[in-house]
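Subject: Handover of a structure and notes on its fold

Dear colleague,

Please find the structure below, together with its sequence.

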Amino acid sequence: MLVVFNPKEERWSNLVKELINDLQESLKDNLEGIIALPKEEDEVYGSNVLILVRDDSLDTARRISKIIGKYGYSVLPTIATKYDGEIVNSFMKKAV
């Protein structure tokens with residue numbers, strides 16, 4: 001699984017680590033990776049976390065929504081597959 005995360009704040013670091021654990025537990029093999037931006041207030045397309053999945057079905061989106069609800073407005077995700085190259089590239093540029 002791909003994880004790109006270079007945190008600049010301890011609170012954000014802890015939150016993203018917890019999010020990764022929650023997503024792995026719920027999505028299992030469907031989770032391909034996470035790209036989290038360095039700071040909570042950083043954004044790409046209005047999001048601070050990119051969740052990469054194999055299957056971007058409605059069921060997957062619902063599972064992710066349930067998890068994200070736990071984090072309030074701290075985590076603003078975009079859900080994509082590895083084939084969404086423009087989105088992945090945009091997040092990668094800002095994440096590193």
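Predicted model: local features only at pLDDT ≥ 70, side-chain atom pairs only at ≥ 80, totals over all residues.

Residues are numbered from 1 along each chain as its sequence is written, and side-chain values use heavy atoms, with hydrogens and water left out.

Overall fold

The chain contains 3 helices and 4 strands (DSSP runs numbered from the N terminus: helices are H or I with at least four residues, strands are E with at least two). Their order from the N terminus is β-α-β-β-α-β-α. The radius of gyration, taken over C-alpha atoms, is 12 Å, which agrees with the value near 12 Å for a compact globule of 96 residues (the rule being 2.2 Å times the number of residues to the power 0.38). Along its principal axes, the C-alpha trace spans about 30 × 30 × 20 Å. Of the 96 residues, 43% are buried (under 20% relative accessible area with a 1.4 Å probe, counting protein chains only; exposed is over 50%, and partly exposed lies in between). Among contacts (heavy atoms within 4.5 Å) with a separation of 6 or more, 71% join residues 24 or more positions apart.

The sheet and its helices

The 4 strands form an open sheet in the order 1-2-3-4, with mixed pairing (two strands pair if DSSP finds at least two bridges between them). Strand 1 (2–5) and strand 4 (77–80) are at the edges with a single partner strand each, so one side of each has no neighbour in the sheet. On average, neighbouring strands are turned by 15° against each other, direction ignored (axes are lines fitted to C-alpha atoms, for helices over the stretch in contact, and angles run from 0 to 180 degrees between N-to-C directions). Strand 3 (residues 49–53) and strand 4 run parallel and are joined by 4 bridges.

Helix 2 (residues 58–69) packs on the sheet, where it touches strand 3 and strand 4, and its direction makes about 145° with that of strand 3. Helix 1 (residues 10–27) lies across strand 1, strand 2 (31–36) and strand 3, at about 165° to strand 2.

Nonpolar cores

The largest nonpolar core has 18 residues (a core is a set of buried Ala, Val, Leu, Ile, Met, Phe, Trp, Tyr and Cys residues joined through side-chain atoms within 4.5 Å). L19, L23, V49, I51, I64 and V75 have the most contacts inside this core. Two or more residues each come from helix 1, strand 2, strand 3 and helix 2, and helix 1 gives the most, with 7 residues. Leaving aside neighbours within four places in sequence, V75 is in contact with W12, L15, L19, N48, V49 and I68. A second, separate core of 10 residues includes L37, V44, L50 and A95.

Two residues

L52 lies in strand 3 and is buried, with a relative accessible area of 5%. L52 stands opposite A80 in strand 4. Not counting residues up to four places away in sequence, L52 touches several residues, including L2, L31, I35 and V88. L52 and M1 are 51 residues apart in sequence and 9.4 Å apart in space, C-alpha to C-alpha.

S13 lies in helix 1 and is buried as well, at 9% relative accessible area. With residues up to four places away in sequence left out, S13 touches F5 and P7.

With kind regards
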